[in-house]
Structures are given as structure tokens and as C-alpha cells.
Amino acid sequence: TPFLTSTPAITATATRAVRPTALAASLTPPAFPFPAPTVTGPIPNGGTWTGEGQASNNIVFRWTCDQCALGPNDSYEVTITYTDKSGAPKSIAGRTQDKFLSLRRILDGGPFEIYQKAKDNTYQWYVQIKRDPGDQPISPQSEVWKFTWL
């Protein structure tokens with residue numbers, strides 16, 4: 001005789017669908033109170049400077065940001081990055097509330113000397129607004145510009 005078994009009834013349970021907008025909102029980066037600064041010099045982007053004295057005289061980073069009314073704890077931070085002759089990434093940064101900053105002023109602020117230290121003598125830089133305490137970025141980074149220093 002065959003055995004009869006009873007199978008429990010399967011019931012469907014309603015579930016809430018995940019809202020795509022809630023997921024997308026959680027993945028969006030936080031809004032910054034300021035727009036990215038617009039780099040204006042040194043001109044031309046990718047230009048070449050020759051000689052060690054250029055840090056004092058001609059390599060001055062410049063930008064604009066008409067909508068940026070900085071508070072007392074806000075600064076523009078210029079970050080210079082490069083790959084050294086051994087292939088290691090390096091960076092140095094300086095801050096100001098002005099819309100320009102000379103390379104000499106950045107170098108005076110630290111133990112770095114970058115003249116003829118970069119592979120192919122090529123350096124990149126960008127500017128971003130940061131707030132203290134905490135070194136908090138309050139703007140996106142500007143466009144990255146380059147220069148060559150022989």
C-alpha cells in the first residue's frame with residue numbers, strides 16, 4: 001500500500017520592495033558647502049620652468065572661487081603631487097586664505113625640497129577648501145594641473 005503524506009501548505013508572505021531612491025541616496029557623496037575652486041595659473045597648464053629660483057619668483061598657484069566666502073577656520077589647500085626618481089609617490093601641501101600661493105611659501109612650511117626630485121621633472125597640483133579642526137574637505141578638488149620644473 002502506498003504511503004500517503006501530507007505536505008504543509010505553502011503560504012506567500014508579502015514583503016516590502018527596496019526603494020531604489022533610498023539606496024541611491026545612501027551612495028551619493030555628501031554635498032559640499034563650496035564649489036571646487038577654478039584653477040587659473042600658473043599659465044600655461046603643463047608649462048615648463050627652468051632653474052631653482054623659480055620657486056621664489058614664478059611658480060605661483062592661482063585660482064578663483066567667486067561663491068567661496070571662507071570662514072575663519074577655512075583655507076584653500078594647494079596639494080602638489082609627484083613621483084620621485086625611485087618611483088615612490090610624494091606630496092606636499094600648503095594653505096592660505098588668499099586665492100594664490102607661491103611654491104616658495106609651501107616649501108618654507110616643511111622639510112621638503114622638490115626641485116629636480118620628480119621623475120621626468122613633472123609635478124601635478126590641485127586646490128581644495130578645507131576646514132579645521134579635522135582637516136575636513138568642504139569643497140571638491142579643483143581640476144588637476146601640471147607643470148615641469150627643470
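Me: Which residue in S3 stands opposite Val39?
Reply: This is a predicted model. Strand S1 covers 38-41, and S1 pairs with strand S3, residues 60-64, in the antiparallel sense over 3 bridges. The residue in S3 that stands opposite Val39 is Trp63.

Me: Why is one side of S1 and of S6 left without a neighbour in the sheet?
Reply: The open sheet has 3 strands with antiparallel pairing, in the order S1-S3-S6. Strand S1 (38-41) and strand S6 (100-102) are at the edges, so one side of each has no neighbour in the sheet, as each has a single partner strand.

Me: By what angle are neighbouring strands of the sheet S1-S3-S6 turned against each other on average?
Reply: The sheet is open and its pairing is antiparallel.

Me: How many residues of strand S7 are buried?
Reply: Strand S7 spans residues 122-131. Buried means under 20% relative accessible area. By that cut-off S7 is mostly covered, and the count of buried residues among its 10 is 7.

Me: Which residue of S7 is the bridge partner of Thr81?
Reply: Strand S4, residues 74-83, runs antiparallel to S7, and 8 bridges join them. The bridge partner of Thr81 in S7 is Gln124.

Me: Which residue in the turn between S7 and S8 has a positive phi?
Reply: S7 and strand S8 (residues 136-137) run antiparallel, joined by 2 bridges, with Lys130 opposite Pro137. They form a hairpin with 4 residues between them. The turn residue with a positive phi, about 100°, is Gly134.

Definitions and conventions. Residues numbered from 1 in each chain as written. Predicted model: local features only at pLDDT ≥ 70, side-chain atom pairs only at ≥ 80, totals over all residues. Heavy atoms only, no water. Pairing = 2+ DSSP bridges. Buried < 20%, exposed > 50% of the residue type's maximum accessible area, 1.4 Å probe, protein only.
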